[in-house]
Structure formats: C-alpha cells, structure tokens
Amino acid sequence: MNLDKLNWNILKRLQLNARQSNAEIGRQVGISSPAVSERIKKMEDAGVIESYNTLVSPFEVGYQIKALITLRAFMGMLKPFLEKVKTYDEVINCYRITGNENIVMEVVLKNQKHLESFIDQLIVYGETKTQIVLSRVVKHNEVKPLK
C-alpha cells in the first residue's frame, strides 16, 4: 500500500494514542470522521496496521524483573525451541535474529529464583545470555515515513 502524507498523519496520531476517536483524529488532520474511518480500514486490510494493544506495566502487576535473554541454539534444537517458546508465559516478545545467537527474548519474572528456574528450562535448547533491564530509554517510538 502506498501511504500518502495524510495516511502517515493518521498513523502518527494512532501510534500516540490508539484510543482517540476518528472524529478527534479528523479534526487534527483536517478531514471528516468517515474519511478517517475509511483510511484506517484500508490500512488495516493492507496489513499496515497490525493490531491495537494495551501495554501493561509488569512492575505494577507484581513482576520484579524484566530481562533480555539471548539463546544460541544447539544443533537441531532451533525448530523445537521455536515451537516451545510460544508456550512460555514469561516471554512477552521473542525475535529470531542474525549473529552469534539465534533468538532474543524479552521476559518478565517474579524474582531471581524465577529467573534461575526459567533459564534452567532454556538451557536444554542452547546456550543463554541474560541481561537485566534497568530502565527503558525509548518507549515504543512511532514508525515514521521512509525518507
């Protein structure tokens, strides 16, 4: 889908606050609410807009640790891991990557003991490295038009 300046303007506003009404977006970008709705629907159908989500603070709901864990899969263990990782409640994001490691996961854990037991489950599939997240520097920065 070819996105014009108006579509990018709508996307910018949705990325900042997906709960605002089409009428409010229309006022900000200078078109009617039905026109905004039609453009959003086309972007959804084209796969430009993948979903709308609620971000929950893991710390506010009781998790004490957020970590990034990389995994370098043992020979023959990558495909089984790619299926298994979908079953872990601790994993909130998982990416297959290039480089020395095959996988990077963003995980939330109750405490240090939970981290230890989670890593024990992973080492069957490969070698892990863990980094504890101290703070977020950039929070879900918006996707911007290509220049």
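A residue is called buried when its relative accessible area is under 20%, exposed when it is over 50%, and partly exposed in between (1.4 Å probe, protein chains only). By that definition, both Glu83 and Lys86 are exposed, and the two are joined by a salt bridge whose closest N and O atoms are 3.5 Å apart. A salt bridge here is a side-chain nitrogen of Lys or Arg within 4 Å of a carboxyl oxygen of Asp or Glu.

This is a predicted model, in which local features need pLDDT of at least 70 and side-chain atom pairs count only at pLDDT 80 or more, while totals for chains, interfaces and linings use all residues. Residues are numbered from 1 along each chain as its sequence is written, and side-chain values use heavy atoms, with hydrogens and water left out.

The structure holds eight salt bridges, including these:

| Pair | Closest N to O |
|---|---|
| Glu83 and Lys86 | 3.5 Å |
| Glu101 and Lys129 | 3.3 Å |

Glu101 is buried, at 17% relative accessible area, whereas Lys129 is partly exposed, at 44%.

Lys113 and Glu116, by contrast, both lie in helix H5 (residues 112-122), three residues apart, about one turn of the helix. Lys113 is exposed, with a relative accessible area of 61%, and Glu116 is partly exposed, at 46%.

Technical notes
Helix = DSSP H or I, 4+ residues; strand = E, 2+ residues; numbered from the N terminus.
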